[in-house]
Amino acid sequence: FSSLVFVTLREGHQKAVADFENALPRVTYIVQAQRLFGDPDYLLMVVTADLPAFQKLYDEELSRLPNVQRLTSTLVMKHVITDRPLPLE
């Protein structure tokens, strides 16, 4: 079960960003995390066993990450392209 979680931080100063980023590796269900320009601040790719497991993770862990102001999520319907090699020539 895959979902994309967009994170907006409450504050953008260096310590707040560092605290948030340092907490991410402890959430083993986050398989990718990118810091973005603009709003939202981060995109997390989250994989859980099913929807109830995602809801529990969202409520008990993701919402409690340091400095989180808002979480917005969308569910992945289907993976169309995965693990494509980078087109580096």
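Begin by selecting Phe-1, Phe-54 and Tyr-58, which together form one aromatic cluster in this predicted model. The rule used here pairs rings of Phe, Tyr and Trp (its six-membered ring) if their centres lie within 6.5 Å, with planes under 30 degrees apart counted as stacked, over 60 as edge-to-face and the rest as tilted. By this rule the count comes to 3 aromatic pairs. One of them is Phe-1 with Phe-54, a tilted pair at 6.1 Å centre to centre and 45° between the planes. This pair links distant parts of the chain, 53 residues apart, since Phe-1 lies in the segment before strand E1 (2-9) and Phe-54 in helix H2 (residues 51-60). Helices (H or I, at least four residues) and strands (E, at least two) are DSSP runs, numbered from the N terminus.

Phe-1 is partly exposed at 33%, whereas Phe-54 is buried at 6%.

A word on how to read these values: the residues are numbered from 1 along each chain as its sequence is written, and side-chain values use heavy atoms, with hydrogens and water left out. As this is a predicted model, local features need pLDDT of at least 70 and side-chain atom pairs count only at pLDDT 80 or more, while totals for chains, interfaces and linings use all residues.

Now show the strands as a cartoon: an open sheet of 4 strands has the order E2-E3-E1-E4, with antiparallel pairing, where two strands pair if DSSP finds at least two bridges between them. E2 and E4 stand at the edges, each with a single partner strand, so one side of each has no neighbour in the sheet. Neighbouring strands of this sheet are turned by 20° against each other on average, direction ignored. Select E1 and E3, which run antiparallel and are joined by 6 bridges; within E3, Met-45 is the bridge partner of Leu-4.

Return to H2, which lies across E1, E3 and E4 and runs at about 170° to E4. Here axes are lines fitted to C-alpha atoms, for helices over the stretch in contact, and angles run from 0 to 180 degrees between N-to-C directions; contact means heavy atoms within 4.5 Å.

For the charged side chains, a search of the whole structure finds 2 salt bridges, each being a side-chain nitrogen of Lys or Arg within 4 Å of a carboxyl oxygen of Asp or Glu. Select Lys-15 and Asp-19, whose closest N and O atoms are 2.7 Å apart. These residues are 4 apart in helix H1 (residues 14-23), which means that about one helical turn separates them. Lys-15 is exposed at 56% relative accessible area, and Asp-19 is partly exposed at 32%.

Then select Arg-70 and Asp-39, which form a salt bridge with the closest N and O atoms 3.4 Å apart. The pair links distant parts of the chain, 31 residues apart: Arg-70 is in strand E4 (residues 68-75), and Asp-39 in the loop between strand E2 (30-35) and strand E3 (42-47). Arg-70 is partly exposed at 38% relative accessible area, while Asp-39 counts as exposed at 56%.

Finally, zoom out to the whole protein chain, which has 2 helices and 4 strands and follows the pattern β-α-β-β-α-β along the sequence. Of its 89 residues, 29% count as buried.

Key:
Buried < 20%, exposed > 50% of the residue type's maximum accessible area, 1.4 Å probe, protein only.
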